[in-house]
Amino acid sequence: RRRRRRRRRRRRRGERARGTMGDASFANVAQIQGQEDAHEMVIDGLWDFYSQTMLPLEEATRFDVFNTSTITEGEMRAPPIVLLVGPYSAGKTSFIRYLVGRDFPGQRIGPEPTTDKFVAVMHGPEDRIVPGNALTVAPMSPFGGLKYFGNGFLTRFEGSIMNNDVLKRITLVDTPGVLSGSKQRTGRTYDFDGVVNWFAERADMIILLIDPFKLDISDEMASAIRVLQANADKVKVALNKSDAVSQQQLMRVYGALMWSLGKVMGTPEVCRVYMGTFWEHPPNNPETANLLRQEMEDMMHDLWILPRMGAVRKVNEIVKRSRKLRVQACLLDYLRDQMPTLMGAERKKRELLADMAGVFRGVCRKYNLPPGDFPEIAKFTGTAAEMDFKSFPRISGSRLKGGKVMQALEDGIATTIPKLLEHIPTMPGNDMPKNPHATTMPITQQQQQQQPAPAPYAAPSSSNNGASMSPTNPFTASSPPLPAPSPLSRQNGNPFA
């Protein structure tokens, strides 16, 4: 019934669009409508596969205890999430302000540690702030799984709702700055790394902002980066405030940052690093202005195509989750088979826990599973030690319907997911709107003198009163043309303003 209602609503929207627009734009409307229909069809199929096939297996194997909480329908249908992580005063809140084009409710910007909460900047009919407890229980909220972190975290979490075109396509999550030493741990009533890991698993892009004057990665920052390493394919690094250093210094800063990230991540390949100055003022260094504009355009392009890749991302996450779920079921089945029937259960449990590496090898050989899908041995052992091995479900047992649940999972990965991929629309060309003011021509000294040169770390003026700094939004390419930008927007550092 819900699918029929959605189809009727889509038909009515299409009829209204055809009735109000001319024949010249009908082809564009039909193309956009077809892409939206295909996206909803893929999401509907994914939710049906997850709720009917994967969720019963997750509940039987207690997947939420060993890995992460279950996926809600709100999470499945939510727009792409962009997570911002970094040390304090690196420009995370300023980056959100730069992207949405104006101040958002609850915004605090300054050189000191200001953001002391996790803030989800979302779209809504009016500007307001929603407390964390209310946000997690709201209908179709993508943050329902955060309730498992308890009231200690929910008091440090809030939603910033604002009516903005950018937020119709993406949701931005601001995080508290990572501090150094015991200040990062003292006084926190929640597991910071655990919350960051929850957001990282559900985010479509993770932006790690770095200050060029704070390249020393502390132990606490390194711990947060290692949490993101399981989702390294989503991580983008932004070297903010790059116009505050000269061209020679920028080259040295870039090399030092790449070396530091390589040491922390422990991999020969390092994620992409974007250089720029992500706030409302243009780059004020003529030596690096052209380079920074091009780097900022690349960053905006990656964000702009994110909604188009939303269905592909969700398919990828469901497949990744199903592989972990299959390994989880096989591990619990193997441990259950090793337990004696009558006596000696505790002694056998201690032996299995002490030789968990051997258990992993045995499961890998018995079920022919790839070693890369297995969880961390230490984490799995610590969780399993608190459970009764005899309560684990057998794959061929009654709780898994004699193996039918596992077989349905295998069939879904082999047949259902490939059929859904066929409905995903192909990516169109690079038709992102260009800003005529974001020129790549060299900036002369005279032009530089004509532009205002604010201090690189000055907080935004309170006299702005929420005035729009980005009149054209790269996320709404299908929207009608807007009037010519004002003189203020011509000085905007946003390449698409």
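Guide: A residue is called buried when its relative accessible area is under 20%, exposed when over 50%, and partly exposed in between, with a 1.4 Å probe and protein chains only. This is a predicted model, in which local features need pLDDT of at least 70 and side-chain atom pairs count only at pLDDT 80 or more, while totals for chains, interfaces and linings use all residues. Residues are numbered from 1 along each chain as its sequence is written, and side-chain values use heavy atoms, with hydrogens and water left out.

Visitor: Is S69 buried or exposed?

Guide: S69 counts as buried because its relative accessibility is 9%.

Visitor: And where does S69 lie?

Guide: S69 lies in the loop between α3 (63-66) and α4 (73-77); helices are DSSP runs of H or I with at least four residues, numbered from the N terminus.

Visitor: Which side chain makes a polar contact with that of S69?

Guide: The partner is the side chain of W198, at 3.2 Å. A polar contact is a pair of N or O atoms within 3.5 Å; within protein, one must be able to donate a hydrogen and the other to accept it, and residues adjacent in sequence count only if both atoms are side-chain atoms.

Visitor: Switching to V196: which residues is V196 in contact with?

Guide: Beyond neighbours within four places in sequence, V196 contacts L83, F118, V227 and L228, where contact means heavy atoms within 4.5 Å. V196 belongs to helix α9 (residues 192-202) and is buried, since its relative accessibility is 3%.

Visitor: What about D373, which side chain makes a polar contact there?

Guide: The side chain of R323 does, at 3.0 Å from that of D373.

Definitions and conventions: Helix = DSSP H or I, 4+ residues; strand = E, 2+ residues; numbered from the N terminus.
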